[in-house]
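Please take a moment to look through the sequence and the model shown here, and then follow the paragraphs below from one place to the next.

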Amino acid sequence: MKRRLLFGERMLLGDGTEPFNAVIPFRLRGTFALKDIQQALAQIQKKHPWLKALIAHDEKNIPWFDVPENPISIPVRIVARKSDDHWQEESRREWNTLFDPKKLPLIRFVWLKGENVSDMLFAFHHCLCDGGSAMAFLNEFLKVLDNPNADIGIENPILGIEDVVPANILNNRKQKLKAKFIGRLAATAIKIIPTGKKSIDRKDDYLLHWKVDETVCQQLVSYCKSNGVTVNTFLSAALLQAFKEVKKEGAFNKVSCPVDIRRFASQIKNDHIFAFGLMIVVSANEKLSFLENVRSMQTSVERKTSKLNPYITMMVMESGHDALNNFTKLLKNGKSSNDCMFSNLGRIQIPHEYKEFSVDTIFSPSVIGPLGNTTTLVVSTYCGKMDFSFVGSEGYLPYIDAIAIRDEFMQIIKLQLEYIPIS
């Protein structure tokens with residue numbers, strides 16, 4: 001089984017010389033045997049063909065996902081667990097460890113082995129899948145780790161754009177011409193946008209991690225419901241204000257927010273291994289109060305989201321494979337124009353208690369790559385607690401500024417929720 005990488009996947013893969021890795025860490029309480037972990041990994045590989053795939057290049061040097069006849073197991077690295085924060089050190093290590101996709105799968109597993117507590121990490125190349133897909137295979141891994149006979153099904157994998165874009169759109173002459181025209185226009189624009197001769201030196205990468213307890217989470221949800229806004233928009237507003245307070249005139253007043261393509265393209269199932277995403281950019285109006293601003297931003301978010309069209313977007317991008325190198329150069333060498341990427345995975349629907357072990361916590365994923373500003377905040381909620389992973393690089397956002405932004409961000413949230421009763 002094989003398929004050609006889509007434009008977005010090729011962009012994330014790059015030329016293979018720079019890592020673009022995501023990490024999902026989680027903590028389990030119980031005792032485990034290596035053979036049981038390997039068996040659980042084999043079962044999720046059996047379900048998802050692309051978890052077995054290598055990268056092969058054709059005669060035009062275009063990369064393909066290629067599942068070998070004799071698949072290679074997901075590599076496991078075992079480390080003695082040193083502390084509750086050891087997983088952060090291993091996350092940073094995994095960010096910067098290249099995959100060898102011609103010889104090994106684009107996913108690996110790290111076991112920080114403790115006596116009764118283990119921290120475990122899935123690390124995968126971002127061209128393989130997004131956070132939603134990763135949460136799906138994490139859920140499946142835990143099921144079969146607990147019960148090897150659990151039925152997790154078999155994925156019917158996406159084999160190309162035709163499995164995502166409905167035939168009546170993909171083969172529509174008007175839509176094809178529209179996509180090609182937009183694609184050519186974008187490709188021409190990309191060529192003439194001035195960029196630096198070399199990419200910014202991002203220097204040392206870092207990870208800030210913190211949690212918010214159930215009480216604050218309940219207050220936050222109550223606040224948002226009573227004011228007709230989403231938690232995502234509220235947090236985006238707080239983040240923009242925090243950047244403004246710390247960076248002053250150096251803030252861009254722009255936060256990029258990924259939008260799950262599965263909301264718009266029903267062909268992509270929750271358990272599909274797939275990396276393509278949509279994006280909107282949110283900004284604040286400095287003349288408004290915080291609450292007025294959140295409400296205004298919510299209106300803007302809804303308007304922008306309603307205009308997203310995953311099918312045309314994919315068709316446009318697929319018409320622009322010849323512009324890939326110019327686009328990648330623009331992202332790498334162009335000046336940063338946004339403060340941060342902010343991704344909210346929402347509530348993680350994974351059980352807490354299993355027969356053989358319990359899930360102490362699931363940490364928010366982290367991801368870092370070479371395509372421009374690395375500053376990223378990822379939030380998720382598990383067992384009522386909100387978990388934040390703030391990733392950055394000294395060359396884009398100094399660590400001392402990141403700490404100040406984190407503190408300001410949490411202070412803004414605290415001030416807004418101070419007088420809100422729990423419903």
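Asparagine 253 is placed in the loop between α8 and β9 (255–259), where helices (H or I, at least four residues) and strands (E, at least two) are DSSP runs numbered from the N terminus. The model is a predicted one, in which local features need pLDDT of at least 70 and side-chain atom pairs count only at pLDDT 80 or more, while totals for chains, interfaces and linings use all residues. Residues are numbered from 1 along each chain as its sequence is written, and side-chain values use heavy atoms, with hydrogens and water left out. The phi angle of asparagine 253 is near 60°, a positive value in a residue other than glycine. With a relative accessibility of 23%, asparagine 253 counts as partly exposed; buried means under 20% relative accessible area, exposed means over 50%, and partly exposed lies in between, as computed with a 1.4 Å probe on protein chains only.

Asparagine 61 has a positive phi too, near 65°, and is likewise a residue other than glycine. Asparagine 61 is found in the loop between β3 and β4 (63–66), and its relative accessible area of 55% makes it exposed.

Leucine 371 lies in another loop, the one between β13 (366–368) and β14 (376–382), and at 18% relative accessibility it counts as buried. If residues up to four places away in sequence are not counted, leucine 371 touches Met11, Phe20, Thr328, Leu331 and Lys332, a contact being heavy atoms within 4.5 Å. Glutamine 43, by comparison, lies in helix α2 (residues 34–47) and is buried, with a relative accessible area of 17%. Its contacts, again not counting residues up to four places away in sequence, are Val144, Pro148, Ala150 and Ile152.

Aromatic rings come next, and a pair of such rings is described by the distance of the centres and the angle of the planes. Rings of Phe, Tyr and Trp (its six-membered ring) pair if their centres lie within 6.5 Å, and planes under 30 degrees apart count as stacked, over 60 as edge-to-face and the rest as tilted. A search of the whole structure finds 19 aromatic pairs. One of them joins tyrosine 223 and phenylalanine 234, which are edge-to-face, with 5.1 Å from centre to centre and 70° between the planes. Because tyrosine 223 lies in helix α7 (residues 214–226) and phenylalanine 234 in helix α8 (residues 231–247), the pair ties together parts that are eleven residues apart in sequence. Tyrosine 223 is buried, with a relative accessible area of 4%, and phenylalanine 234 counts as buried at 0%. Elsewhere, Phe26, Phe109, Phe122, Phe124, Phe137 and Phe141 form one aromatic cluster.

How many disulfides does the model contain? A disulfide is a pair of cysteine sulfur atoms within 2.5 Å, and by this rule the count comes to zero. Cysteine 257 is in no disulfide, since the nearest cysteine sulfur, that of cysteine 340, is 8.8 Å away. Cysteine 257 is buried, with a relative accessible area of 3%, and cysteine 340 is buried as well, with a relative accessible area of 0%.
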